Amino acid sequence: MPSSITSASPAEAKDRHIRMAALGLLLIALKFGLDATAHFVSPQTAELLDYGTIAASIGAVLLILPLVFYKVFRLDPRDRAVYFSDQSFAMDALKRAQVFSWSVTFLLLVFLEILVDEPGALAPEFYLQVALTVMLGSAAVAFLVLSRDPGEEGLDA
Amino acid sequence: MPDAGLENRIRVFRAEHRMTQADLARAIGVSRKTISTIEVGRFVPSTVIALLIARHFDVPVEEIFSLADEG
């Protein structure tokens, strides 16, 4: 890896931070997914799932908190314009992932709206947990797929 | 509007100036991945990025970017 990449420019830092935020969103989606699953399992299993939700929550905080710290304390004011610029491949991928997530969530909510009218519907919080799982999970996965690296090509390419 | 793809000669200009993707990215203030995805046609750059690249190589933007149906 070239030294110019290892010494982080604000643009490289931004790309890396967006990826970390996407992984954080994936862990939050996992947390809500486990919460939703807990409605269908025994109390003993639900207790085990609780450990999973705690681990996912801690993981998400560990991924997202450093980004907030960086923006507030570490980001050089001279680098702010580059760091917050939305003109990059990663930001474009993020926007496309959000559009995909919005569409998937909309279809899911329409489906759930029909489902809650059926007899034997579950507690309202279950539907919210499912919607949050799908919204965050689809955005994160779509971003990670769309932002795959085409590979580095140096002078000899 | 016809669907004309965007072609570019960034790799040619990089080779002439003996620059890596990372060098060019740093010079114009974007990430290396942004440059690599523009080069392979996965990402259509904004006008600002196109102009920054052209300014860096000191050529008109049309020398680097062109529509695919221009022949």
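Helices here are DSSP runs of H or I, at least four residues, numbered from the N terminus. Buried means 20 or more other C-beta atoms within 10 Å of the residue's own, with C-beta atoms placed from the backbone.

Quick caveats. This is a predicted model: local features need pLDDT of at least 70, side-chain atom pairs count only at pLDDT 80 or more, and totals for chains, interfaces and linings use all residues. Residues are numbered from 1 along each chain as its sequence is written, and chains are lettered from A in the order in which they are written, with ligands numbered from 1.

Now the core. The largest nonpolar core holds 43 residues. Such a core is a set of buried Ala, Val, Leu, Ile, Met, Phe, Trp, Tyr and Cys residues joined through C-beta atoms within 7 Å. Among those with the most contacts inside it are A:Leu25, A:Ala139 and A:Phe143. H2(A) gives the most, eleven residues.

What does A:Leu25 touch? A:Leu136, A:Ala139 and A:Ala140, leaving out residues up to four places away in sequence. Contact means backbone-placed C-beta atoms within 7 Å.

Last, the interface. 21 residues of chain A contact 24 of chain B. H2(A) gives the most to chain A's side, with four residues.

Definitions and conventions. Two residues are in contact if their C-beta atoms, placed from the backbone, lie within 7 Å. Helices (H or I, at least four residues) and strands (E, at least two) are DSSP runs, numbered from the N terminus. A residue is buried if 20 or more other C-beta atoms lie within 10 Å of its own, exposed if 12 or fewer, and partly exposed in between; C-beta atoms are placed from the backbone.
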